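Please look over the following chain with its aromatic side chains in mind.

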Amino acid sequence: MSKNILQMGVLALSVLATSVLAAVSPDEAATLGTTLTPLGAEIAGNADGSIPAWTGGLPKDAGTVDSKGFLADPFANEKALFTITAQNVDQHKDKLTPGQYAMFKRYPETYRIPVFPTHRSVTVPAGIAAAAKSNAMTTKLVQSGSGLENFKEAYPFPIPKNGLEAIWNHITRYRGGSVRRSVTQATPQSSGTYSLVYFQEEFTFRSNLRDYDASKPSNVLFYFKQRVTAPSRLAGNVMLVHETLDQVKEPRLAWLYNAGQRRVRRAPQVSYDGPGTASDGLQTSDNFDMYNGAPDRYDWSLQGKKEIYIPYNSYKLDSPKLKYSDILKAGHINQDLTRYELHRVWHVVATLKSGERHIYSKRDFYIDEDTWQAAEIDHYDGRGNLWRVAEAHSQYYYNTQVPWYTLETIADLQAGRYLAMGMKNEEKQAYDFTYAASENDYTPAALRLAGVR
């Protein structure tokens, strides 16, 4: 009896290891570009046509680009199909996340979701699509699931078999290769008052460095540098991150330069639930970009797909005609400036492993099938109560074929406050995807120069 149980246990472990490590067959990979999009979404629309078929995304000339790099809204003339309010929210509950539903209950007088026609506007460059197809047949999770083997560029698992594979698609997704951006963050009080924090950020995938050497072994996925430019009490502080592919084998490398002390120090706290930069306690390090970093503290369960209303094609919210005061309101951003569409999302549940530590005991991810960007994440506290609701208002930079975020928000349901990060409406330039960097630009030695006020 005990021998049979032992054999069954060994078999179960073998099956688990196979499911964790296996790549898809060439026949299954061949569905990418036929019944599936190059990134693994269903090409077909849904049954009633409210989600259309994918037809290749917006062309590069879908709209004009102004002198600052801001994009014209290709859907500016569309009207909302309907608006969800606290009065009719129960009619639409099946297409909302628990976090969205909770926002209506927390702010019944002001919170609303305007729903527009769905547009599957996104595609990626041919080279990124080819890398995804190659990854589907070759990329494997390392045994612990904490890293990747045989990985190229972006989207390691366009046909995911488990929750961990799905979350790796978000972590590694294409964001233009190399970019420089100036963005703004605010943490409004419950009364609506706020102060702004300004950042200049550079972000470069290793394979997009000017001096990239494919023959040089490296565990680095990308480099990230963040400089605070205002207010004066924070100006000149700089954070540098070398994001590693396997953060358990080789933890993320991070440094902070303190302008007041003029010192560069290692920063192991820039990970997991360490405090986010100037976030007033409303954001953890791994809340940035909706979710980032090592996934080893959670068990990941793939729940399948759902159709829900998510922020999409948020060009209106990104308009340079808006002031930050137009966007930032008490309790939440100005929902009249938002646009939601019905899209299919992958639902992934992350549950904190026994013996591990994090302020979030559970996270529910809703990941857009067309981009692998997390659109909604519900966060639960140690008692299992819904605590924070994260939402990403996305847009497609059609002129450069880059899907990314316009604005990220994290609403604290218990405190009645929120964080808004990524606004650039009043800045001198939108994202610069022509930014070219070398490895030397992302060294600790370069932090002092970046931190000059």
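In this predicted model, the charged end of Arg181 sits over the ring of Trp404, at 4.9 Å from the ring centre, where such a placement requires NZ of Lys or CZ of Arg within 6 Å of the ring centre and within 35 degrees of the ring normal. Lys424 likewise lies over the face of Tyr431, 4.2 Å from the centre of that ring. Local features need pLDDT of at least 70 and side-chain atom pairs count only at pLDDT 80 or more, whereas totals for chains, interfaces and linings use all residues. Residues are numbered from 1 along each chain as its sequence is written, and side-chain values use heavy atoms, with hydrogens and water left out.

**Aromatic pairs**

- Rings of Phe, Tyr and Trp (its six-membered ring) pair if their centres lie within 6.5 Å, with planes under 30 degrees apart counted as stacked, over 60 as edge-to-face and the rest as tilted; the count by this rule is 20 aromatic pairs.
- Tyr397 and Tyr431 form a stacked pair, because their ring centres are 5.2 Å apart and their planes stand at 20 degrees.
- Tyr397 belongs to strand E15 (residues 386-397) and Tyr431 to the loop between strand E17 (417-423) and helix H7 (447-450), so this pair ties together parts that are 34 residues apart in sequence.
- Tyr431 also pairs edge-to-face with Phe433, at 5.9 Å centre to centre and with 70 degrees between the planes.
- Tyr397 and Tyr431 are both buried, as is Phe433, buried meaning under 20% relative accessible area, against over 50% for exposed and partly exposed in between (1.4 Å probe, protein chains only).
- One aromatic cluster is formed by Phe203, Phe205, Phe222, Tyr397, Trp404, Tyr431 and Phe433.

**Helix H5**

- Helix H5 (residues 163-172) is mostly covered, with 10 of its 10 residues buried, among them Glu165, Trp168 and His170.
- Asn162 caps the N-terminal end of H5, with a side-chain oxygen 3.2 Å from the backbone nitrogen of Leu164.

**The whole chain**

- The chain has seven helices and 17 strands, taken as DSSP runs numbered from the N terminus (helices H or I, at least four residues; strands E, at least two).
- Its radius of gyration is 22 Å, close to the 22 Å that the globule rule gives for 453 residues, so the chain is as compact as a globular protein of that length; the radius is taken over C-alpha atoms, and the rule is 2.2 Å times the number of residues to the power 0.38.
- Of the 453 residues of the chain, 57% count as buried.

Methods: Polar contact = N/O pair within 3.5 Å; in protein donor to acceptor, adjacent residues only side chain to side chain.
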